[in-house]
Amino acid sequence: MATPIPYFTFNNGVKIPSVGMGCWMGSPGGGEAVEKMVKDSLKVGYRHIDTAQNEDHVGKGIRESGIPREEIFVVSKLPTHHHHKVRDSFEESLKALDIGYIDLYLMHWPQAHAEDGKHIPYGDKPTIVDTWKDMEKLLETGKVKSIGLSNFSIKTLEELLPHVSVVPATNQVELHPCLPWFELQKYCEAKGILLTAYSPLGRPIKGEPKPVFFTDAGIAAVADKHSATSAQVVISWIVKRGIVAIPKSENVERMKQNITLVDLSAEDMVAVDGIHKLPNAHRSLLAYHAKAVDNNVFGWTYEQLGWPMKQGGFVVD
């Protein structure tokens with residue numbers, strides 16, 4: 001049986017739809033494909049759009065959708081090479097979107113890069129504390145309602161939180177049955193930070209096998225029980241845990257499926273909870289891990305990021 005899309009509440013009282021549309025197209029941009037994806041998703045009922053650095057096209061899609069602005073929750077992010085100019089970067093995003101205001105603005109990664117893309121070493125300025133202090137000032141503009149983080153671990157949160165005046169509203173991380181982050185969720189909940197799951201269905205690459213949760217017999221049985229797809233089961237599992245999910249699809253039928261939640265039982269939840277315990281299943285599903293040299297991700301090591309991983313994005317249990 002389908003269940004309505006719930007809204008979750010941030011620590012500042014702002015409400016966010018628990019399922020949104022991710023607009024990452026593999027690289028910034030996407031043109032008309034992004035605009036169509038935004039319009040299609042709004043037409044079938046989505047009210048939460050994550051721009052994923054595609055502000056021009058997302059903004060146009062929103063403006064031309066016919067849906068009142070106040071009904072749509074819009075997320076944008078601070079790029080890693082703009083940590084030294086938070087206000088200017090925010091204003092650039094606001095201008096590109098051209099929708100009046102941004103509902104949620106995130107520090108996309110704890111790592112900072114120079115304008116030329118050169119990695120700034122861990123601990124050098126601007127630090128995550130420096131950048132967050134500048135993000136806090138954005139709230140004074142009245143043009144953003146909430147601020148948050150992305151790709152932060154317990155370690156990097158521990159480094160940041162003692163210095164904040166505003167507790168982050170959310171921490172957006174890769175999260176799915178192969179990377180469930182139970183301990184991170186427990187930590188964030190204790191601090192009043194809502195988790196958001198990006199790439200909740202993985203990010204399949206052409207020619208590579210589908211993630212295990214699309215082929216697992218246990219999840220297939222749950223899906224059959226609810227006359228649903230495996231993707232619906234995974235997204236419903238995330239939302240049932242109290243986590244926001246932002247799947248991405250350009251296919252209208254899959255869009256409809258992904259926003260149609262099913263009411264999972266406790267037994268169903270346990271079946272999905274255990275997927276990461278399968279052999280070699282506890283891992284990230286994002287391609288950049290395969291390219292990481294010396295366990296280095298965009299300038300920081302797994303240890304510096306606080307991710308308990310080894311080469312290839314496999315979690316060290």
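**Ground rules.** I am working with a predicted model, where local features need pLDDT of at least 70 and side-chain atom pairs count only at pLDDT 80 or more, while totals for chains, interfaces and linings use all residues. Residues are numbered from 1 along each chain as its sequence is written, and side-chain values use heavy atoms, with hydrogens and water left out.

**Helix pair.** I started with α1 (residues 31-43) and α2 (residues 55-63), whose axes are 8 Å apart and at an angle of about 40 degrees. That makes α1 oblique to α2. Helices here are DSSP runs (H or I, at least four residues) and strands are E runs of at least two, numbered from the N terminus. Axes are lines fitted to C-alpha atoms, for helices over the stretch in contact, with angles from 0 to 180 degrees between N-to-C directions. Under 35 degrees counts as roughly parallel, over 145 as roughly antiparallel, 65 to 115 as roughly perpendicular, and the rest as oblique.

Which residues meet? On the α1 side I listed Gly31, Val34, Glu35, Val38, Lys39 and Leu42, and on the α2 side His57, Val58, Lys60, Gly61 and Ile62. Contact means heavy atoms within 4.5 Å.

**Core.** Next I looked up the largest nonpolar core, which has 94 residues; Leu157 and Leu175 touch the most other members. Helix α8 (residues 230-240) gives the most to this core, with 7 residues. Such a core is a set of buried Ala, Val, Leu, Ile, Met, Phe, Trp, Tyr and Cys residues joined through side-chain atoms within 4.5 Å. Beyond four places in sequence, the contacts of Leu157 include Phe152, Asn171 and Tyr187.

**Serine 93.** I found serine 93 in helix α3 (residues 86-97). Serine 93 counts as buried because its relative accessibility is 6%; buried means under 20% relative accessible area, exposed over 50%, partly exposed in between (1.4 Å probe, protein chains only). Leaving out residues up to four places away in sequence, serine 93 touches Glu55, Ser76, Lys77, Ile102 and Tyr105.

- Lysine 125 and proline 126 are joined by a cis peptide bond, with omega about 0 degrees.
- Asparagine 151 has a positive phi near 65 degrees and sits in the loop between β8 (144-150) and α5 (154-160).
- Serine 199 has a positive phi near 50 degrees and is buried at 10% relative accessibility.
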